[in-house]
Amino acid sequence: MLKELQLSLSVFLLLVCGFLYQLTLKSSCLFSCLPPYKSQQGPEDLLSHQRSIVFLETSERMEPPPLVSCAVESAARIYPERPVVFFMKGLNSSTQLSPNSTHPAFSLLSAIDNVFLFPLDMKRLLEDTPLFEWYTQINITAERHWLHVSSDASRLAIIWKYGGIYMDTDVISIKPIPEKNFLAAQASKHSSNGVFGFLPHHPFLWACMENFVEHYNSAIWGNQGPGLMTRVLKVWCKLRDFQEVSDLRCQNLSFLHPQRFYPISYPEWRRYYKVWDTEPSFNNSYALHLWNYMNRERKAVVRGSNTLVENLYRKHCPRTYSDLIKGPKWSVTGEPGPGNN
């Protein structure tokens, strides 16, 4: 009888210890306690498959606003078999979320099976590229647009090294991009750098990184971003006006028609926040760039407003819509960030 009592007590104590251990993990773990198969994979392992969808956050912001959450979630839904990798500068190897803190968007993204969040280490990332010497010599405090310039540099290095697709954090994915080596036309003869994709070690991106350093001028807005892509593209290709909704092919890359990502141009960005009599089908588009950098009026997605953007959230990022989008009294939008030009 005594032995049975001792055995029962031992089992009970083991169960209590196990419970307390799990409770400790839940209160301090990063990424909302990712499943083991997610937490054990490093960024190089995921990126080495050459198929990742990459997002960047070069500010210290730790709680993604709803538009960022929607961008990442929509990509994860459109590319369920591909890793969606979100690099955040605010993270580091010792980062822990406070047990009393509320990070609903962070937790939401962490819970998606194919979404992975990692610290952004620019120095390590830029090694073995033409950008490394520039980065080690630059005076960050003197840079007016550093958040955006650092994002421009990081995206080039990541896709050159590992391949895949880069997207700004204000791009909502609506169907898969079929191209492997592509740039997105923002307008006729003008490239964007908000969405692009290449196989690893593509010479176009190496040329972009060399041009980045040679013509560096961060005082000119976009000089290291869309201006850079357009400069190099004009050297590679003889650009002409688009005919109907046809993409341009040049050497071994595609220059995709503005309808693919920019069916609503930047001067008309407010149309996303309006109610349409008949909503567009976007049949010719792979994703939609919402031009959040233009959103100085802090327009937000409001539940029940029936605006175009609310309906896009409901369809393409339903978790974000369900968990993060509130009614008019709670209407708040995030500041335009470096990954949503």
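The structure is a predicted model, in which local features need pLDDT of at least 70 and side-chain atom pairs count only at pLDDT 80 or more, whereas totals for chains, interfaces and linings use all residues. Residues are numbered from 1 along each chain as its sequence is written, and side-chain values use heavy atoms, with hydrogens and water left out.

The mean pLDDT (the predictor's confidence in each residue, from 0 to 100) is 86 for the chain, and 82% of the residues reach 70 or more. Over residues 97–101 the pLDDT stays under 50, and the model has seven contacts (heavy atoms within 4.5 Å) for this stretch beyond four places in sequence. The pLDDT is also below 50 over residues 331–335, a stretch with 14 contacts in the model beyond near neighbours in sequence. Where pLDDT is low, the predicted coordinates should not be read in detail.

The chain has 341 residues, of which 51% are buried, a term that stands for under 20% relative accessible area, with exposed meaning over 50% and partly exposed in between (1.4 Å probe, protein chains only). Of the contacts between residues at least 6 apart in sequence, 77% join residues at least 24 apart.

Twelve helices and ten strands are found in the chain; these are DSSP runs (helices H or I, at least four residues; strands E, at least two), numbered from the N terminus. Eight strands form an open sheet with mixed pairing in the order β3-β2-β1-β4-β7-β6-β9-β8, two strands being paired if DSSP finds at least two bridges between them. Strands β3 (115–119) and β8 (248–250) stand at the edges with a single partner strand each, so that one side of each is left without a neighbour in the sheet. From one strand to the next the twist averages 25°, where axes are lines fitted to C-alpha atoms, for helices over the stretch in contact, and angles run from 0 to 180 degrees between N-to-C directions. Strands β6 (residues 182–187) and β7 (residues 190–198) run antiparallel and are joined by four bridges, and A185 stands opposite S191 in β7.

Helix α4 (residues 66–78) packs on the sheet through β1 (53–57), β2 (84–88) and β3, its direction making about 155° with that of β2. Helix α8 (residues 146–162) likewise packs on the sheet, where it touches β1, β2, β4 (164–167) and β7, and its direction makes about 35° with that of β7.

Two disulfides are counted, with a disulfide taken as a pair of cysteine sulfur atoms within 2.5 Å. One joins C70 to C317, with an S to S distance of 2.1 Å, and links distant parts of the chain, since C70 lies in helix α4 and C317 in the loop between α11 (308–316) and α12 (318–324), 247 residues apart. The torsion about its S-S bond is about -85°, so the disulfide of C70 and C317 is left-handed; both C70 and C317 are buried. The sulfur atoms of C237 and C250 lie 2.0 Å apart in the other disulfide, which is left-handed with -105° about the S-S bond. C237 lies in the loop between α10 (226–236) and β8, and C250 in strand β8, so this pair ties together parts that are 13 residues apart in sequence. Both C237 and C250 are buried, and C208 is buried with a relative accessible area of 0%.
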